[in-house]
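Thank you all for coming this morning.

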Amino acid sequence: MSQSAGESTAPIVRPAVPGDTIDPAGMRVIWLLLAAAFVAILNETTMAIAIPSLNQTLGIPPELGQWLTSAFMLTMAVVIPTTGFLLQRFTTRQVFLAAMSAFVLGTAICLVAPGFPVLLLGRIVQAAGTGVMMPLLMTTMMNVVPPHSRGRMMGRVGLVMSLAPALGPTLSGVVLDTLGWRWLFGIILPIAAAALLLGAKWMTNLGETTRAPIDVLSIILSAFAFGGLVYGLSQLGGGHGAAGGSTAGSVPPWGVILGGAVFLTLFVWRQLALQKRNDALLDLRVFATRNYVVSVIIMGVVALSMFGTFSLLPLYLQNVAGLDPTAAGLVLLPGSVLMGLLGPVMGRIYDARGPKTLLVPGTILIAVALFTYSTVGVHTPMWFLVIVQILMSLGLAGSFTPLFSASLGSLDRSLYSHGSAVLNTLQQVGGAAGTAVLISIYSTFLHAGEARGLPTAEAGEPGTHAAFLVAACIAVVPVVLAFFVQKPADQEVGAPAGH
């Protein structure tokens with residue numbers, strides 16, 4: 001099954017999922033999971049536009065307020081590595097109900113939070129539930145959807161991942177301008193509670209469970225590894241990190257990053273030892289497949305650029321361009337709606353033509369959009385920003401479906417849950433790192449300019465240029481790697497049921 005760098009680029013072969021159609025019970029579970037994922041992503045994207053307003057309302061600096069997003073992604077990066085084990089150890093129903101319960105509880109905490117610390121706690125509890133949802137959805141899809149239809153179904157995942165961001169910023173802007181920030185959670189809470197109740201009634205179990213014990217040491221190593229890396233990255237940028245700046249005698253950012261790298265090495269060593277008896281928290285044998293490796297690298301880099309940009313863009317739109325929250329949300333709306341509508345179309349194109357037809361132009365559009373964003377300033381017209389964001393959204397629409405489908409489709413069925421966990425972990429770590437790095441760059445220039453007496457708009461403009469330029473340079477990597485992603489042979493229409 002696996003390929004090395006020197007092997008040919010022939011289609012990848014692996015055993016197909018039996019059957020040519022989706023079981024009705026399995027389809028119902030997928031729709032429940034899609035609805036839950038929609039609510040979770042909607043919650044995440046409403047916060048992006050809200051950060052500048054929350055900074056002002058709560059009296060906190062931008063780099064501290066950004067932890068409402070960074071801590072959310074960081075928590076998911078810690079939780080998601082456990083999902084490979086959880087999805088094998090517990091039933092679909094148990095995992096879904098636990099995840100949605102955590103999300104509902106976290107949303108309730110945010111709704112009644114008296115200040116920033118409790119609000120941050122609520123976001124972390126929310127993230128604990130959200131982190132399980134996407135791996136559960138993707139693993140379930142891989143287990144119940146015939147290989148030749150996976151692009152079409154993954155396109156529905158793309159639809160959810162796009163429509164929620166399309167509604168989130170605009171909803172957030174309107175709510176902030178009319179009702180106040182608490183209603184961001186007040187609106188989400190009843191929807192999440194309804195999804196939990198529907199799941200309790202309709203969710204069924206799919207697949208088989210195992211009785212392997214969970215390895216506590218692996219969880220600890222994972223938390224310190226990914227937490228250290230992302231926190232250290234957030235502290236870069238002249239001491240203006242997410243924790244509000246370094247203090248005398250504190251560990252320098254590179255020290256924290258080095259510590260995270262050491263824990264990551266220990267985590268990998270622990271998993272390699274445990275997977276010999278199939279007890280790994282995160283089975284790293286997924287990296288034996290070249291197509292999977294290339295796909296997850298692209299996904300991680302795209303996530304770094306995308307989440308970093310989506311966190312920085314609201315700060316630019318409101319602090320530099322001078323738009324109110326509603327207008328800032330409207331800048332993001334057309335591109336996100338188009339991206340959502342194109343999700344199923346991209347899925348059908350993938351099923352018919354394979355990944356390169358979508359992925360190569362998609363990654364190019366992302367890079368072009370980011371390079372263009374590095375030129376915007378105080379007086380950039382709103383219509384120009386809308387066009388750039390549409391280009392960005394088109395690129396993302398052309399990237400997600402082939403990456404999800406080709407990566408997981410390259411693995412053995414026994415590794416689906418672990419492959420989904422790794423994919424989502426790297427996506428979240430990349431997103432958290434991108435957010436931390438770009439916000440740190442922006443904050444460094446902003447603070448330096450304000451120290452010289454410049455107004456916020458003029459002080460933040462050079463930081464916007466530098467941060468987007470860094471994201472654009474990083475986004476060149478997926479353009480090159482996109483040419484090496486293949487379509488697994490059993491995803492071809494008419495492929496035999498086994499090989």
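Predicted model: local features only at pLDDT ≥ 70, side-chain atom pairs only at ≥ 80, totals over all residues.

Let me begin with a term for helices that pass one another: a crossing is called left-handed if the near helix is turned anticlockwise from the far one by less than a right angle, and right-handed if it is turned clockwise. Residues are numbered from 1 along each chain as its sequence is written, and side-chain values use heavy atoms, with hydrogens and water left out.

First, the whole protein. It has 17 helices and 0 strands, where helices (H or I, at least four residues) and strands (E, at least two) are DSSP runs numbered from the N terminus. Of its 499 residues, 59% count as buried; buried means under 20% relative accessible area, exposed means over 50%, and partly exposed is in between, with a 1.4 Å probe and protein chains only. If we take the contacts (heavy atoms within 4.5 Å) that have a separation of 6 or more, 84% of them are accounted for by residues 24 or more positions apart.

Now to pairs of helices. Two packed helices are described by the angle between their axes and the distance between the axes. The axes are lines fitted to C-alpha atoms, for helices over the stretch in contact, and the angles run from 0 to 180 degrees between N-to-C directions. Angles under 35 degrees count as roughly parallel, over 145 as roughly antiparallel, 65 to 115 as roughly perpendicular, and the rest as oblique.

How do H5 and H8 pack? Helix H5 (residues 92–112) and helix H8 (residues 182–202) pack at about 160°, their axes being 9 Å apart, and H5 is therefore roughly antiparallel to H8. The crossing in which H5 passes H8 is left-handed. Among the residues that make the contact are Phe96, Met100 and Phe103 of H5, together with Phe185, Leu189 and Leu196 of H8. Ala98 also belongs to H5, and with a relative accessible area of 49% Ala98 is partly exposed. Although Ala98 and Leu196 are 98 residues apart in sequence, their C-alpha atoms are 9.4 Å apart in space.

The second pair is helix H12 (residues 325–353) and helix H14 (residues 382–409), which pack at an angle of about 30° with their axes 8 Å apart. H12 is therefore roughly parallel to H14, and H12 passes H14 in a right-handed crossing.

Is Tyr416 buried or exposed? Tyr416 lies in H15, which covers residues 416–451, and because its relative accessible area is 1%, Tyr416 is buried. Its C-alpha atom is separated by 9.8 Å from that of Met141, which is 275 residues away along the chain.

Leaving aside its neighbours within four places in sequence, Thr130 is in contact with Ala40, Phe72, Met76 and Phe103.

Let me finish with the rings. Rings of Phe, Tyr and Trp (its six-membered ring) pair if their centres lie within 6.5 Å, and planes under 30 degrees apart count as stacked, over 60 as edge-to-face, and the rest as tilted. By this rule there are 6 aromatic pairs. One of them is Phe287 with Tyr292, whose ring centres are 6.2 Å apart and whose planes are at 70°, so this pair is edge-to-face. Phe287 is partly exposed at 37%, whereas Tyr292 is buried at 0%. Trp383 and Phe384 also form an edge-to-face pair, with 6.0 Å from centre to centre and 85° between the planes; here Trp383 is exposed at 57%, and Phe384 is partly exposed at 29%.
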